[in-house]
Amino acid sequence: AAWGTEDGVRREVPAVAARLALPEDRVRRMLKAYSKATPLAADDTPVEVLEEDAAVLALNKPPRLRSTPRHRFEGNSLLGRAIGHLQRAAGVSQLPEESMPRVVHRLDMDPSGVVVFGKTREPTSGLTRQFAAREASKTYLALVAGVPEAPKFEVDAAIARDAAHEVGMRVVDSSEDGAKPSRTLVRVLASRPGASVGGSPRLGDSEPLLWKRTLGEGMWPQGVSLVEATPLTGRTHQIRLHLSHAGFPILGDTVYGVFGGEGAREGEGLWGVLRRQALHARSLKVVHPATGSSVRFSAALPTDMLQAAEHLGLEVPGDV
């Protein structure tokens with residue numbers, strides 16, 4: 001009833017309880033027990049390992065892949081691929097629970113880049129504490145519309161939920177209820193003022209963006225840039241919203257940015273190559289939970305963003 005195996009309809013606890021004529025708290029306990037008793041599904045798709053030792057597994061997440069599965073019995077997630085990788089290395093068909101990779105942080109489905117898993121309970125706790133205390137340092141790369149005047153700048157703007165949008169956030173006054181202080185450092189790596197994204201692009205459906213109001217309906221910032229963004233806080237959609245708020249919306253972002261027009265064939269032109277938001281988790285710096293040393297995991301810019309930059313005539317620095 002909960003997972004729709006009877007009729008394909010997925011249900012939440014109240015609906016399951018009503019369908020089974022059971023109290024909600026009992027159904028909630030049953031589902032929790034069932035979930036824990038269901039092994040996480042392994043995925044045999046190979047992974048790109050950035051670093052691995054007895055405590056930590058750092059992977060390069062491909063674009064358009066979930067970090068974790070929607071359900072424990074589903075594959076097609078980075079966690080599932082990590083499980084498959086560890087099973088192959090151990091030569092077993094099923095990892096014991098204590099050897100399962102543990103989630104420390106996540107990337108959204110579209111972005112690519114560095115994701116780290118703990119391999120045992122103790123190092124996972126150490127990494128989780130660093131993320132909770134915002135001691136982990138992350139950098140991202142993004143392809144954006146527009147050309148910043150300054151080579152470096154900071155976006156300091158509070159963020160809150162956008163009640164008018166299903167998933168969106170918005171920049172608000174710091175005194176507003178629900179506002180969370182948010183800061184992002186931005187560095188420009190390459191720019192091309194004369195470049196055009198072309199292909200009848202559309203604009204993201206988040207409305208309260210300054211550049212939309214300033215430029216007018218259907219317009220977007222001209223030129224393109226490759227930027228590095230370092231979030232000093234960890235808010236939902238922070239980099240995407242902060243870059244757009246500053247006037248440099250991410251290419252391929254259907255909420256805050258500029259994305260491909262209809263009819264683009266996969267692999268042809270900018271929008272045929274870039275079929276997701278052009279955001280990549282470039283590096284992650286943490287204190288290694290086993291050695292106490294500072295370590296930095298890095299993932300090079302993925303093929304689709306490199307090809308998009310080539311279409312736009314951007315000279316990508318060799319170190320990314």
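Tutor: Glu52 and Lys119 form a salt bridge in which the closest N and O atoms are 2.9 Å apart, a salt bridge being a side-chain nitrogen of Lys or Arg within 4 Å of a carboxyl oxygen of Asp or Glu. The pair links distant parts of the chain, for Glu52 belongs to strand β1 (residues 49–52), while Lys119 sits in the loop between β4 (112–118) and α4 (121–132), 67 residues apart. Helices (H or I, at least four residues) and strands (E, at least two) are DSSP runs, numbered from the N terminus. Glu52 is partly exposed at a relative accessible area of 34%, whereas Lys119, at 16%, counts as buried; here buried means under 20% relative accessible area, exposed over 50%, and partly exposed in between, with a 1.4 Å probe and protein chains only.

This is a predicted model, in which local features need pLDDT of at least 70 and side-chain atom pairs count only at pLDDT 80 or more, while totals for chains, interfaces and linings use all residues. Residues are numbered from 1 along each chain as its sequence is written, and side-chain values use heavy atoms, with hydrogens and water left out.

The structure holds 10 salt bridges, and two others can be set beside this pair. Asp25 meets Arg29 with the closest N and O atoms 3.5 Å apart; these two residues are 4 residues apart in helix α2 (residues 24–37), and therefore separated by about one helical turn. Asp25 is partly exposed, with a relative accessible area of 43%, and Arg29 counts as exposed at 53%. Glu74 and Arg70 also meet through their side chains in a salt bridge, at 3.4 Å from N to O, with Glu74 partly exposed at 22% relative accessibility and Arg70 exposed at 53%.

Beyond residues up to four places away in sequence, Leu143 touches, among others, Leu226, Ile250, Leu251, Met305 and Leu314, where contact means heavy atoms within 4.5 Å.

On a 1 Å grid over the protein atoms alone, a cavity is a set of points where a 1.4 Å probe fits but cannot get out, and lining residues have an atom within 4 Å of a point; grid points are joined across faces, edges and corners, and the volume is the space filled by probe spheres set on the points. The lining consists of His105, Leu107, Val114, Lys138, Tyr140, Ala281, Ser283 and Leu284. Strands β5 and β13 (279–287) are the elements that give two or more residues to this lining, and β13 gives the most, with 3 residues.

Terms used. On a 1 Å grid over the protein atoms alone, a cavity is a set of points where a 1.4 Å probe fits but cannot get out, and a pocket is an open set with protein on both sides within 12 Å along at least five of seven lines; lining residues have an atom within 4 Å of a point.
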